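Hi everyone, thanks for coming. Please take a look at the model on the screen, and then we'll walk through a few spots together.

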Amino acid sequence: MASTDRRDFHSGDPVRAKRHLRLAGRTGSGIAPRGIYLLPNLLTSGGLFCGIFSIAQTLDGFYFTAALTVIAAMLFDGMDGRVARLTRTTSRFGVEFDSLCDLVSFGVAPGLLIYRWALVPWGVWGWLATSIFVCCAAVRLARFNLLVDKVDGNYFLGLPVPAASAALSSIVLIYNYLGHFGLPDKHIALLLVTYALAVLMVSTVPYPSFKQVNIHRRQPLWALVVGVVVLQLFIARYDVFLFTGAALYVLSGPFLWIIHSIRGRPVDVFDGYDDLDSDHFDEPRTRARG
């Protein structure tokens, strides 16, 4: 805030003071508004607690519980942004806090889980795979914060970090369910999968965001029937359901990219933003998922 703005704020004029507080809240510069929005940030904290609990379970050797807890963190991650938008309590603090919590819950927690569960025999290559996964998750979250509201809302640029963590965690669940019967050796498979997910996170492959799906409006009757069937499948065999859903979503990005490339109509995720220089990144941001 300029020096004149500081004098206006401290001049005792309540109208000018409130105006500068509102401006600071929108632009993220100058004097920050006091207080935070409690409800969405409590949900974000719940996801962080799940990530920390998952790490503790991994260190104790309870890998199945650790994988389920990462999935539970996804529920909190999905709710906090939606609640923030519905209650109009979005904020820059919420964006940054959410990204830091996501790095723990969807970067460190699943990375440590996979390392202890499958990658220890690889030695240096095992912990390098985990390190690269966590580093790519951090890069993906930072890039998301820079590009939020700068890309087409129907797509994510690169594989979202929660989806990558869901893929790793669901592999633990499916191995536990099938007992390794008919599955490739987990030590080899997980090493390759971890590197592949890390690359997809920092890639420019477009992934559907499903933000155009509005469940708050009236829907046809068949949508309710489909929802009930999906819920029954989840209850009947949640581990198979989660693995199938995560695998299909991870593969959907490269599949869509190949299809659009063959048709000669690549997806433009930047939605008309041709010059993404640093000036664009100084604009206000709102809470969103990534």
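Let's start here: in which loop does Arg 88 lie? Arg 88 sits in the loop between helix H4 (63-86) and helix H5 (92-119); helices here are DSSP runs of H or I with at least four residues, strands are runs of E with at least two, and both are numbered from the N terminus.

A quick word on the source. Residues are numbered from 1 along each chain as its sequence is written. This is a predicted model, where local features need pLDDT of at least 70, side-chain atom pairs count only at pLDDT 80 or more, and totals for chains, interfaces and linings use all residues, while side-chain values use heavy atoms, leaving out hydrogens and water.

Most residues other than glycine have a negative phi. Arg 88, though, has a positive phi, near 55°. Arg 88 is also exposed, at 74% relative accessibility (buried means under 20% relative accessible area, exposed over 50%, partly exposed in between, with a 1.4 Å probe and protein chains only).

Now for the aromatic rings. Rings of Phe, Tyr and Trp (its six-membered ring) pair if their centres lie within 6.5 Å; planes under 30 degrees apart are stacked, over 60 edge-to-face, and the rest tilted. That rule gives five aromatic pairs. Phe 93 and Phe 97 are stacked, because their ring centres are 5.7 Å apart and their planes are at 20°. They are four residues apart in helix H5, so about one helical turn separates them. Phe 93 is partly exposed at 42%, and Phe 97 is partly exposed at 21%.
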